[in-house]
Number of protein chains: 6
Amino acid sequence: MKISARNQLKGKVVEVVKGATTAHVRIDIGGSIVTASITNQAVDELGLEVGKDAYAVVKASDVMVAVD
Amino acid sequence: MKISARNQLKGKVVEVVKGATTAHVRIDIGGSIVTASITNQAVDELGLEVGKDAYAVVKASDVMVAVD
Amino acid sequence: MKISARNQLKGKVVEVVKGATTAHVRIDIGGSIVTASITNQAVDELGLEVGKDAYAVVKASDVMVAVD
Amino acid sequence: MKISARNQLKGKVVEVVKGATTAHVRIDIGGSIVTASITNQAVDELGLEVGKDAYAVVKASDVMVAVD
Amino acid sequence: MKISARNQLKGKVVEVVKGATTAHVRIDIGGSIVTASITNQAVDELGLEVGKDAYAVVKASDVMVAVD
Amino acid sequence: MKISARNQLKGKVVEVVKGATTAHVRIDIGGSIVTASITNQAVDELGLEVGKDAYAVVKASDVMVAVD
């Protein structure tokens, strides 16, 4: 599947924390850590676990820009 | 200002393209390019231009995860 | 690629309207029309055009529920 | 109330699962299942339960497009 | 229609600016101005114009919190 | 830090409810209550508690408009 989301950043899963229905997954993208909040169900379906290769995917309209 | 968004990735602006009301800003985050779709007005207020240091900011609930 | 987004609805593109930087793409999902607002660039990369098979993909945290 | 969201898909609730603060509600839209992640509080206020008519509402800017 | 979005802030439209496909609508909520980026089509369907009563509607998962 | 998000509404925290991984924070913005769904971790990092000054921050593309 090829998706329209402009941001598909390749990295490696470094943490998976499951809550009651929502999990937090952290992916190391060349040294920067990206946190995703996804369903527990998605974690299971994708077989996400520490060390696995994964992409952080973000739609361009969900990215903000900040300056110091 | 300190914000709750889990993802605040530091980088440098590499492209700014303005449309009628919406602009696309690309930020280089340690080699990965992140594209943000923000208002032209925000581009002007933050003084965004090529070469400027900037953060790509994304709420954790807006990040998806994909695997090959 | 397999993605965490809970909603991946299969259908057929019925309209593509490009703006200055943002396009609106309509997909017929078994009779319901879903409208996506994505970048012109994504439209080109995915080769979206009327009649093409496509999925409308939505993260569960972006779906609201309403009742009459 | 009439809302600007382009996508208001009519269906029937087929599952409601409450977590600690966040619930997952599934709606059958003419055979496709749409999953919404909303607050437990919203579930209570709208009286959402299996069999009830409901709409899945999604802003166009939150819809991505994918192709095989 | 009753919607699950936790934030439905009543106010008055103070500005409508249309772009190629996307419009920016500003609503005065008891002195605070809220800006919405919606489709031109939604502006037309809702008959949005300066002076009209309107709600700014935001899903709780799209609200971030910041402190000075 | 200065951020591109068009909506930065100043108010005071009136409630903080933590779930398993996700918290709900309510902010009083001049009489209107805005609910934010953020990570427990963000609540801790920002030191959010009842009575504290805070901003509700929302990207313009995440605001919908409704009329009666």
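**Close-up views of the contact between chain A and chain B**

**View 1. Polar contacts between the two chains.** Between chain A and chain B, 10 residue pairs are in polar contact, with both residues of each pair at pLDDT 80 or more. The elements that each supply two or more residues to the side of chain A that touches chain B are strands E2 (7-18), E3 (22-29), E4 (32-39), E5 (53-58) and E6 (64-67) of chain A. Of these, E4(A) gives the most, with seven residues. By residue class, that side of chain A divides into 21 nonpolar, five polar and six charged residues. The model shown in this and the following views is predicted.

**View 2. Extent of the contact.** In this predicted model, chain A brings 32 residues to the contact and chain B likewise brings 32 residues. The area buried between chain A and chain B is about 2800 Å², and carbon and sulfur atoms give 65% of that area.

**View 3. A salt bridge across the contact.** The count of salt bridges between chain A and chain B is two. One of them is formed by Asp68(B) with Lys10(A), where the closest N and O atoms are 4.0 Å apart.

Technical notes
Residues numbered from 1 in each chain as written. Chains lettered and ligands numbered in written order. Predicted model: local features only at pLDDT ≥ 70, side-chain atom pairs only at ≥ 80, totals over all residues. Heavy atoms only, no water. Contact = heavy atoms within 4.5 Å. Buried area = accessible area lost by both parts, 1.4 Å probe. Salt bridge = Lys/Arg side-chain N within 4 Å of Asp/Glu carboxyl O. Polar contact = N/O pair within 3.5 Å; in protein donor to acceptor, adjacent residues only side chain to side chain. Helix = DSSP H or I, 4+ residues; strand = E, 2+ residues; numbered from the N terminus. Nonpolar A, V, L, I, M, F, W, Y, C, P; charged D, E, K, R; others polar.
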